[in-house]
Amino acid sequence: MHHLHEDLMIFVVYPFALMRRFLGGKAAVPARTPIRSAIVALMLLCMGAEPAAAQDIRFFQIGTGPTGETRFAFGGLIANAISNPPGSRECDKGGSCGVPGLVAVAKSTGGAIANIDAIAAKRLDAALVQSDIAYWAYHGTGIYKGKGAVQNLRAIAMLYPESLHLVARKDAKIHSVKDLKGKRVSLGDKDSGELVHGRLLLTAFGMTEGQIKQSFLKPGPAADALAAGQLDAMLVVDGVPVPIVAELAQRADIVLVPLAGPEVDKMRATYPFFSASSIPADTYRGTDADVKTLDVGVVLVTGAERPNDLIYGVTRALWHPSTQKLLTESHPRGKLVNLSAAGLDKLGIQLHGGASAYYFDAGVTH
């Protein structure tokens with residue numbers, strides 16, 4: 001039990017740091033909030049006390065991604081929004097509009113594949129993953145061919161699009177995916193969605209992994225290596241603007257390599273989860289023109305074994321106006337999170353029964 005409490009304290013504290021970061025260091029939450037109430041209850045539990053409020057708390061772990069990526073930040077915002085432990089102020093009085101008794105916690109993970117593995121093993125209650133990887137896992141195709149389908153994988157909602165960022169040192173003279181040949185490249189960690197997408201890019205351009213000098217790094221270490229001149233290029237799949245890329249652009253002269261042309265068009269035709277997009281000019285230092293790229297959606301998934309009433313409540317809290325306001329005000333991707341039938345049509349996997357019931361009640365069909 002000691003280790004369980006220790007881990008939970010780490011992740012429950014996270015939303016405060018996150019909110020301060022995005023709101024310019026201001027006090028992001030009032031003195032009495034769902035998360036503060038949860039921390040008090042957790043401290044009492046760790047000290048052996050068992051108040052009535054603490055006994056009613058239910059924990060809900062959300063797998064996100066590496067720290068510094070949008071999925072990690074977004075997971076913290078969602079965790080804060082859907083939490084509503086005992087003792088919280090009522091929703092209509094400016095308090096929590098989350099699930100009664102729930103303390104949701106955002107957990108940093110290796111990425112989409114690690115998240116899906118954890119859902120399959122019932123180690124996580126929910127997770128953020130790219131829609132294409134979720135599709136392959138659910139159907140046992142693509143990168144999951146031969147591994148078998150993840151039969152308990154279910155969707156809660158389509159959230160926002162992520163963009164492929166192929167970042168290169170300016171002096172590496174990389175202008176296309178083909179120019180990666182012979183270069184020092186990180187396409188992502190071994191459990192990441194980046195690596196999957198990077199391999200698809202290489203294949204689309206007629207290349208193999210053996211033609212690059214590959215490192216398997218998370219985005220943070222990859223950015224450090226690139227800034228230090230130890231890496232020529234890296235791939236990040238994340239929501240614009242990506243904090244790690246923005247910080248890297250301040251430390252080194254970088255370019256964003258365009259993902260366009262007949263190879264990319266064929267890739268989109270083969271994998272309809274990708275959509276043509278562009279990273280706006282001036283998003284990062286040194287990027288003075290729009291850069292063509294690909295987008296892929298991020299899905300909030302869960303396990304089929306999670307109770308219908310729980311997931312119904314989570315879905316309702318996710319789409320509550322207070323949550324929408326929080327997401328819009330706290331992150332640039334927040335305004336792209338919209339409740340619509342179009343988003344449900346792009347899921348590609350079965351909805352959880354609780355989420356499906358909420359959408360039916362809300363009049364959103366697909």
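Student: Which residue in β10 is the bridge partner of V129?
Tutor: V299 is that partner. Keep in mind that this is a predicted model. β3 and strand β10 (residues 291-303) pair in the antiparallel sense, over five bridges.

Student: Which strand do two bridges join to β3 in parallel?
Tutor: Strand β1 (residues 58-63), which runs parallel to β3. Look at I62: its bridge partner in β3 is A126.

Student: How many residues of strand β3 are buried?
Tutor: Five of the five, residues 126-130, so β3 is largely enclosed by the rest of the structure. Check each face in turn. A126, L128 and Q130 are buried on one side. A127 and V129 are buried on the other.

Student: What should I expect of nonpolar side chains?
Tutor: In soluble globular proteins, they tend to be buried together. In this model, the largest nonpolar core has 83 residues. Those with the most contacts inside this core are F60, I62, I82, L159, L180 and Y359.

Student: Which strand gives the most to this core?
Tutor: Strand β4 (residues 153-169), with ten residues. There is also a second, separate core of 20 residues. V236, I254, L256 and Y284 are among its members.

Student: Now the charges. How many salt bridges does the structure hold?
Tutor: Twelve. For each one you inspect, ask two things: how far apart are the atoms, and how accessible are the partners? Take E69 and R71, with their closest N and O atoms 3.1 Å apart. E69 counts as buried because its relative accessibility is 2%. R71 is at 1%, so it counts as buried as well.

Student: Where do D171 and R169 stand, buried or exposed?
Tutor: D171 counts as exposed, at 52% relative accessibility. R169 counts as buried, at 17%. Their side chains meet in a salt bridge, 3.1 Å from N to O.

Student: What is the N to O distance between R306 and E305?
Tutor: The closest N and O atoms are 3.8 Å apart, and the pair forms a salt bridge. R306 counts as buried at 16% relative accessibility. E305, at 31%, counts as partly exposed.

Student: Which residues do salt bridges with shared partners join into one network?
Tutor: E69, R71 and E162. Select these residues together in your viewer.

Definitions and conventions
Residues numbered from 1 in each chain as written. Predicted model: local features only at pLDDT ≥ 70, side-chain atom pairs only at ≥ 80, totals over all residues. Heavy atoms only, no water. Core = buried A, V, L, I, M, F, W, Y, C linked by side-chain atoms within 4.5 Å. Buried < 20%, exposed > 50% of the residue type's maximum accessible area, 1.4 Å probe, protein only. Helix = DSSP H or I, 4+ residues; strand = E, 2+ residues; numbered from the N terminus. Pairing = 2+ DSSP bridges. Salt bridge = Lys/Arg side-chain N within 4 Å of Asp/Glu carboxyl O.
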